[in-house]
Amino acid sequence: MSLPPVLSKLALPVIGSPLFIVSNPKLVIAQCTSGIVGSMPALNARPAEQLDEWLAEITESLAAWDRAHPDRPAAPFAINQIVHKSNDRLDHDMQVCARYKVPVVITSLGARTDVNDAVHAWGGIVLHDIINNFFAKKAIEKGADGLIAVAAGAGGHAGMKSPFALIQEIREWFDGPLALSGAIATGDAVLAAQAMGADLAYIGSAFIATEEARASDAYKQCIVDSNSDDIVYSSLFTGVHGNYLKPSVRNAGLDPENLPESDPSKMNFGGGGAAKAWKDIWGCGQGIGAVKAVLPTAELVARLKREYDAARARVL
């Protein structure tokens, strides 16, 4: 499938997914200068005024990189906007994104025509994350340019669909930009995502265990020490089902094998309560068995590229 120009010249067909609390300008810049799309949630900038400072840092740093490396320009960056009604910062954060003409906006937890129109007005594109074919169609109907299929095994707010089923159903009617999320942490898995019909892989959890990520040392080491058996799927913490590291759940005094369901009407993604939940309860996907050490981001991307190239050589 053809990609829009902004996504067509990556060193590796990967988007680093926006990690709530964890992603910061340092990680985004390292991802982009390594040749993949770097991203972060707008809500990671706290207070709200910090978002302007962070976008200035990202845009200036990437421009400086491009001047110094004209043969290896940085990949574009993306900002994630939670469009759920509980996010009372959305209007402010969209105005800041407009000022910097953010090239890619990733929208989550609702699809809104007005948000898509605003991004298109400054020349950006919108990728909307979805967990099933129904929401995928709604997102495109409301003007999203592309989709991020969040399949079973993804970190954070993950779906329950097999990636095989989800990609196949979407590709029956949609031939635009499509990224796949769900337990992708090797170059082989990046190539597998493309073989299924996705254009790009969407990788998050592996980047938590990088030197640039704004995560505690204990969080990073827990990812290194864990595998898919150490992940629990629960709606308790935000009102939406997601995947979390069991050790962090136990450390909070809860039994990960016996968690109650949450009331979805009490979802909160804009306030301090949500931040506290994600700070103490560590989101993580099932692909972390491939994470063996905390690395600089550039080293992780280089490893993924070697694995991807080797996998292509084996099967093509």
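Biologist: Where does Asn-132 lie?
Modeller: Start with how the elements are named: helices (H or I, at least four residues) and strands (E, at least two) are DSSP runs, numbered from the N terminus. Here, Asn-132 sits in the loop that runs between strand 5 (125-130) and helix 5 (133-141). Keep in mind that this is a predicted model, where local features need pLDDT of at least 70 and side-chain atom pairs count only at pLDDT 80 or more, while totals for chains, interfaces and linings use all residues. Residues are numbered from 1 along each chain as its sequence is written, and side-chain values use heavy atoms, with hydrogens and water left out.

Biologist: Is Asn-132 buried or exposed?
Modeller: We go by relative accessible area: buried is under 20%, exposed is over 50%, and partly exposed is in between (1.4 Å probe, protein chains only). Asn-132 has 17%, so it counts as buried.

Biologist: Which backbone nitrogens does the side chain of Asn-132 reach?
Modeller: Look for polar contacts, meaning pairs of N or O atoms within 3.5 Å; within protein, one must be able to donate a hydrogen and the other to accept it, and residues adjacent in sequence count only if both atoms are side-chain atoms. The Asn-132 side chain reaches the backbone nitrogen of Phe-134 at 3.2 Å. A polar atom of that side chain also lies 2.8 Å from the backbone nitrogen of Phe-135.

Biologist: And what is Asn-132 in contact with, leaving aside its neighbours within four places in sequence?
Modeller: Contact means heavy atoms within 4.5 Å. With those neighbours set aside, Asn-132 is in contact with Lys-161 and Leu-166.

Biologist: Okay, next topic: how many salt bridges are there in the whole structure?
Modeller: You look for a side-chain nitrogen of Lys or Arg within 4 Å of a carboxyl oxygen of Asp or Glu. Searching the whole structure turns up 8 salt bridges. In one of them, the side chains of Asp-52 and Arg-99 meet, with N to O at 2.8 Å. Asp-52 belongs to helix 2 (residues 50-68) and Arg-99 to helix 3 (residues 90-100), so this pair ties together parts that are 47 residues apart in sequence. Asp-52 is partly exposed at 26% relative accessibility, and Arg-99 is exposed at 53%.

Biologist: Which residue forms a salt bridge with Arg-112?
Modeller: That's Asp-114, and the closest N and O atoms of the pair are 2.7 Å apart. Arg-112 is partly exposed at 29%, and Asp-114 is partly exposed at 44%.

Biologist: What about Lys-246: which side chain does it meet in a salt bridge?
Modeller: Glu-257, at 2.9 Å from N to O. This pair links distant parts of the chain, 11 residues apart: Lys-246 is in helix 10 (residues 246-251), while Glu-257 is in the loop between helix 10 and helix 11 (272-280). At 12% relative accessibility, Lys-246 is buried.

Biologist: Now helix packing. At what angle do the axes of helix 7 and helix 12 cross?
Modeller: Axes are lines fitted to C-alpha atoms, for helices over the stretch in contact, and angles run from 0 to 180 degrees between N-to-C directions. The axes of helix 7 (residues 187-196) and helix 12 (residues 297-315) come within 7 Å and cross at roughly 55 degrees. For the wording, under 35 degrees is roughly parallel, over 145 roughly antiparallel, 65 to 115 roughly perpendicular, and the rest oblique. Helix 7 and helix 12 are therefore oblique to each other. Among the residues making the contact are Val-190 and Leu-191 of helix 7, with Tyr-308 and Ala-311 of helix 12.

Biologist: How do helix 1 and helix 2 cross?
Modeller: Their axes come within 10 Å, at roughly 25 degrees. That makes helix 1 roughly parallel to helix 2. Their contact includes Val-28 and Ile-29 of helix 1, and Trp-54 and Ile-58 of helix 2.

Biologist: Last one, the backbone. Is the peptide bond from Arg-46 to Pro-47 cis or trans?
Modeller: It's cis, with omega near 5 degrees. Pro-47 is in the loop between strand 2 (38-41) and helix 2.

Biologist: And what is the phi of Ile-21?
Modeller: Positive, about 75 degrees, although Ile-21 is not a glycine. Ile-21 lies in the loop between strand 1 (14-16) and helix 1 (25-33), and is partly exposed at 21%. Lys-101, also not a glycine, has a positive phi of about 50 degrees. You'll find Lys-101 in the loop between helix 3 and strand 4 (104-108), exposed at 53%.
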